[in-house]
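Reader: I am new to this structure. Could you walk me through how to read it?
Author: Gladly. Take a look, then ask.

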Amino acid sequence: MSTATDKELMVSVQRGDVARLGELFERHHRRLYHTFVRLVNDRAASEDLVQEVFVRMLRYRDTYRSDAEFGPWMFTLARNVAHDHRQSRKRLRLVDQEPADVADEAPGAAQRLEDEQTRRRLDRALASLPPDRREVLSLARFSDMPYEDIGAIVGATPGAVKVRVHRALNDLRAAYANIVEREDRRPTAENSHDV
Amino acid sequence: MTCELMQERISARLSGELDTAECDELDRHLAQCPACSEHAAELERLWSALGDEPVPSERMRARVNELIAREPQTTRRPERPWQRAAERLLPIAATLVLGVGLGYFWNDGERTEVAALRGEVADLHAAVAASLLGQSSVSARLRGVAYTRDLGSDDDAVTDALLHALREDPDVNVRLAAIEALVPQLSHDPRQGELVSAVAVQSSPLVQLSLIDALLDSGGEPVRRELERLVNDPRLDLPVRGYLRDRLGRSV
């Protein structure tokens, strides 16, 4: 992996050295993937969406300004990709689904049952948040960007981002606690629903 | 300091937005306030769990590498306005050629040449469709799919280009548009089986579900039998298989 900055890599891509997009992919695909998982609640679709971000990086490479930070530009593309995904789901009249990868059938999967359960509960708690709070929370958690840059992406002041993140975390905490309480009251029912 | 302000700081610290002095002040408060301390511990657990995700599959890396490999390693110029105009004008030009040619040959009674001209125009349509579907821009490829749908052509070359888009296009929206164009075109056609086989190779459940819906809504018994074989195909995710089983049950 080179020591070039993200900006330098993107400028190289702009000038035609497309192979350097691979380095940007290696650096950022995980946080993009995690952001999408939290935004759209669908792990398989999130992989497609990460790929779409890199397709758009190529398509819109001329719009990248070398004096601008790379992260906010990339997450602006990602935000648009997530928006388009939601629109296409609406067109297909698909409602939000449970995460696609339910419990693994492979041997040894039982050991991960507790992690899976936490993840499913967290997915449901996140899905209950208003979209703008879920978005700002996902960006705060995974983008490694300051509130100022997040605010520039979502069209809000850093102060407003701070308030939204705080409220989103508190809402998430309350929603998660409710789910845990409800499910712990009827553990057998949960098993029959989750598989 | 109120607990409310300190709880705001707990959230800000998780996002890395707190300076050292504010952090110290928060720590002093947490040391003497059990309620805020418990609140902080819960938020930290949630924050950590949010990041506790499996890594994405290697398939995604392979697809992006393929995308990079397909892109020419040369300086790319932005799309010029005339290129877009040419894309729009090509179908019009093809229609004009057909009209003028038909008039000319019809008057001369040269019906065989009219047939030949029709064939050439069909080839031209197929070439325009293939050219649009091969563009790097997603919007151009979507225009390509719309163009083939408007043509209503049953030309094999156009069908091939659409099937290729359905199987290989990196963009979900292009693949979904290709389904809309292909399913009516291949209704009651032997090549409908190729659509069924495309279900299993799709990486996106969204595309798989759309394809299943479209096939069951427009296909006959042979398609249904082929889809039944996919119910136990391990290449399909469990929820997709469940959906297919449910749809097959409902469309009996």
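Reader: How many residues does the contact take from chain B and from chain A?
Author: Keep in mind that this is a predicted model. The contact takes 44 residues from chain B and 46 residues from chain A.

Reader: Now the chains themselves. How many helices and strands are there in chain B?
Author: Chain B has 13 helices and zero strands. From the N terminus on, its elements therefore read as α each time, under the rule that helices and strands are DSSP runs.

Reader: And how many helices and strands in chain A?
Author: Nine helices and zero strands.

Reader: How do I read contacts along the sequence?
Author: Look at how far apart the partners sit in the sequence. In chain A, take the contacts with a separation of 6 or more: 68% of them are between residues 24 or more positions apart. In chain B, among contacts between residues at least 6 apart, 59% join residues at least 24 apart.

Reader: Let me try one helix. How many residues does helix 9 of chain B have, and how far does it reach?
Author: Helix 9 of chain B covers residues 172–185, which is 14 residues. From first C-alpha to last it reaches 20 Å, close to the 20 Å expected at 1.5 Å a residue.

Reader: Is helix 9 of chain B mostly covered or mostly open?
Author: Mostly covered: eleven of its 14 residues are buried. Among them are Val172(B), Leu176(B), Ala178(B) and Leu182(B). Asn173(B), Arg175(B) and Gln185(B) are on the buried list too.

Reader: Which residues touch the most other members of the largest nonpolar core?
Author: The core has 95 residues, and Ala178(B) is one of those that touch the most other members.

Reader: What is Val53(A) in contact with, leaving aside its neighbours within four places in sequence?
Author: Leu32(A), Met74(A), Leu77(A), Ala78(A) and Val81(A).

Reader: Why does Val165(A) count as buried?
Author: Count its neighbours. Val165(A) counts as buried because it has 24 C-beta neighbours inside 10 Å, and the cut-off is 20 or more. Val165(A) is found in helix 8 (residues 158–185) of chain A.

Reader: What does Val165(A) touch, not counting residues up to four places away in sequence?
Author: Partners in both chains: Val136(A), Leu137(A) and Ala140(A), then Ser11(B) and Ser15(B). Arg133(A) is 32 residues away from Val165(A) in sequence and 6.8 Å away in space, C-alpha to C-alpha.

Reader: Last point, confidence. What is the mean pLDDT of chain B?
Author: The mean is 78, and 79% of the residues of chain B reach 70 or more. Over residues 75–79 of chain B the pLDDT is below 50. Beyond near neighbours in sequence, that stretch has six contacts in the model. Where pLDDT is low, predicted coordinates should not be read in detail. For the complex, the predictor gives an ipTM of 0.79 and a pTM of 0.55.

Conventions: Residues are numbered from 1 along each chain as its sequence is written. Chains are lettered from A and ligands numbered from 1 in the order in which they are written. This is a predicted model: local features need pLDDT of at least 70, side-chain atom pairs count only at pLDDT 80 or more; totals for chains, interfaces and linings use all residues. Helices (H or I, at least four residues) and strands (E, at least two) are DSSP runs, numbered from the N terminus. The expected span of a helix is 1.5 Å times one less than its number of residues. A residue is buried if 20 or more other C-beta atoms lie within 10 Å of its own, exposed if 12 or fewer, and partly exposed in between; C-beta atoms are placed from the backbone. Two residues are in contact if their C-beta atoms, placed from the backbone, lie within 7 Å. pLDDT is the predictor's confidence in each residue, from 0 to 100. A nonpolar core is a set of buried Ala, Val, Leu, Ile, Met, Phe, Trp, Tyr and Cys residues joined through C-beta atoms within 7 Å.
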